[in-house]
Amino acid sequence: MATELARAAKAIAEVEGSDLQAPLADGSTTRYVNFDYAASAPALRSAVTRIHELLPTYSSVHRGAGYASQVTTQAYEDARAVVTEFVGAAGDQCLVFTRNTTDSLNLLAGCVPGPVVVLDIEHHSNLLPWKQSHVVQAGDSIGETIARVDIELQRTGAALLAVTGASNVTGEILPIRRLADLAHSRGARIVVDGAQLVPHRRVSLAADGIDYLAFSGHKVYAPFGAGVLVGRRDWLDAAAAYLAGGGAVRNVTVDRTEWAPAPARHEGGSPNVLGAAALAAACQEINSLGDAAAQHESALTDHLRWGLADIPGVEVLKIFHDVVDSVGVVSFVVEGHRAVDVARYLSTEHGIGVRDGRFCAHPLLGRLGHGDGAVRASLGLGSSSADVEVLLSALARYAAR
């Protein structure tokens, strides 16, 4: 029954580019089949509509008495409230708008008052920014990995545990509540790289015990340019301003600067109003879908994994043997073939867009035995069972050749 449901699944949201035509090697065109959601999800129509609504009153944010400035300022702060509610922030947490996940984690790196423990399976954005990092090699199981993290937290007296919510390589979801409880028991806080988790699963900082969360608008079906760091205010208020400039201060003389508290403290310069508003609109639509979004993607992901398992020579990558849930991100290799050649074939012969390479997770690809790269197929709200069938059919033809 589950297989039948997966094969009948249709897109459950309207996204831009759904009717895009892709050129093929023989000179013809075909419908573009997007399996690159994990890199950048197509914008929801509702997010694009919100941008068009705001363009007539597009003006400067804060400190403007004019009508357009007042409307724009309200839209910006309304967006902050919507996204704050969307991620279930607690009362002592505030939300800073940034450019993307990488920007958010670099901002937080300047606020951490001590060592950081991080896993070796992370995306580079959650591996490289930390100034005093202690890297833990993940085990073959979640249990073994958590035991190793516990040892390192005790050994280093770390201030922060930095973990991914869902792997951008395999889609595997880590047990965030369990990790949060562990970090807190050792006197540390936890930050979650939610770039791949937030677009696919409900996240609540309060319910999950998360101290800080970072994610990108362009992975949550909004256009490029807006990201989020949300979390406990005290570290953000105590740190130096991320961008020194207008808007980040209360008062300035030639001898002294009085910085504003967060979030203004870290939002120096004119903010990306349209990006924030579009991100909020996307969050509202995702929220309106409820559990249907996760069910839709789980069905399609199962369909994809089952299909890949039936193709000779295809190996699906996996980190842990005991993970019980994963988002719609599946990486694989075709025995005897370079990932770039597989990706080019899918694009030029079938109009299918996938990602190939090491996905900004070089240590993880190396430990999985595929340091030269793999192919990643990722899906989302605009994906359908027809898309999955197109990909599986194309790969079967490629493997047969």
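Strand 13 and strand 14 (residues 329-334) pair in the antiparallel sense, over three bridges. This is a predicted model. Within this pair, E315 stands opposite V333 of strand 14.

**The sheet**

Strands of a sheet pair through backbone hydrogen bonds, either parallel or antiparallel. Here, four strands form an open sheet in the order 13-14-17-16. Their pairing is antiparallel. Which strands lie at the edges? They are strand 13 (314-316) and strand 16 (355-357), and each of them pairs on one side only. Neighbouring strands of the sheet are turned against each other by 30° on average, direction ignored.

A helix packs on this sheet: helix 10 (residues 292-309). Helix 10 touches strand 13, strand 14 and strand 17 (374-378). The direction of helix 10 makes about 10° with that of strand 14.

**The cores**

The largest nonpolar core has 78 residues. Seven names stand out there: V83, F97, L161, L213, F215, Y221 and L279 touch the most other members. Helix 9 (residues 273-289) gives this core its largest share, 10 residues. A second, separate core has 27 residues, including F35, F332, Y345 and L395.

Now look at F97. What does F97 touch, leaving out residues up to four places away in sequence? The list is Y76, A79, R80, V83, G227, V228, E267, A276 and L279.

**Helix 13**

Helix 13 covers residues 385-400, which makes 16 residues. How far apart are its end C-alpha atoms? They are 22 Å apart. That agrees with expectation, because 1.5 Å a residue should also give a span of 22 Å. The buried residues of helix 13 are S385, D387, V388, L391, L392, A394, L395 and Y398. One of them, L395, also belongs to the second core.

**The cysteines**

A disulfide is a covalent bond between the sulfur atoms of two cysteines. How many disulfides does the structure hold? It holds zero. Take C94: its closest cysteine sulfur is in C111, 9.8 Å away, so the two are too far apart for a bond.

Buried means under 20% relative accessible area, and exposed means over 50%.

| Cysteine | Relative accessibility | Class |
|---|---|---|
| C94 | 5% | buried |
| C360 | 40% | partly exposed |

C94 counts as buried because its value is 5%. C360, at 40%, therefore counts as partly exposed.

Methods:
Residues numbered from 1 in each chain as written. Predicted model: local features only at pLDDT ≥ 70, side-chain atom pairs only at ≥ 80, totals over all residues. Heavy atoms only, no water. Helix = DSSP H or I, 4+ residues; strand = E, 2+ residues; numbered from the N terminus. Expected span 1.5 Å × (residues − 1). Buried < 20%, exposed > 50% of the residue type's maximum accessible area, 1.4 Å probe, protein only. Core = buried A, V, L, I, M, F, W, Y, C linked by side-chain atoms within 4.5 Å. Contact = heavy atoms within 4.5 Å. Pairing = 2+ DSSP bridges. Axes fitted to C-alpha atoms, helices over the stretch in contact; angles between N-to-C directions. Disulfide = S-S within 2.5 Å.
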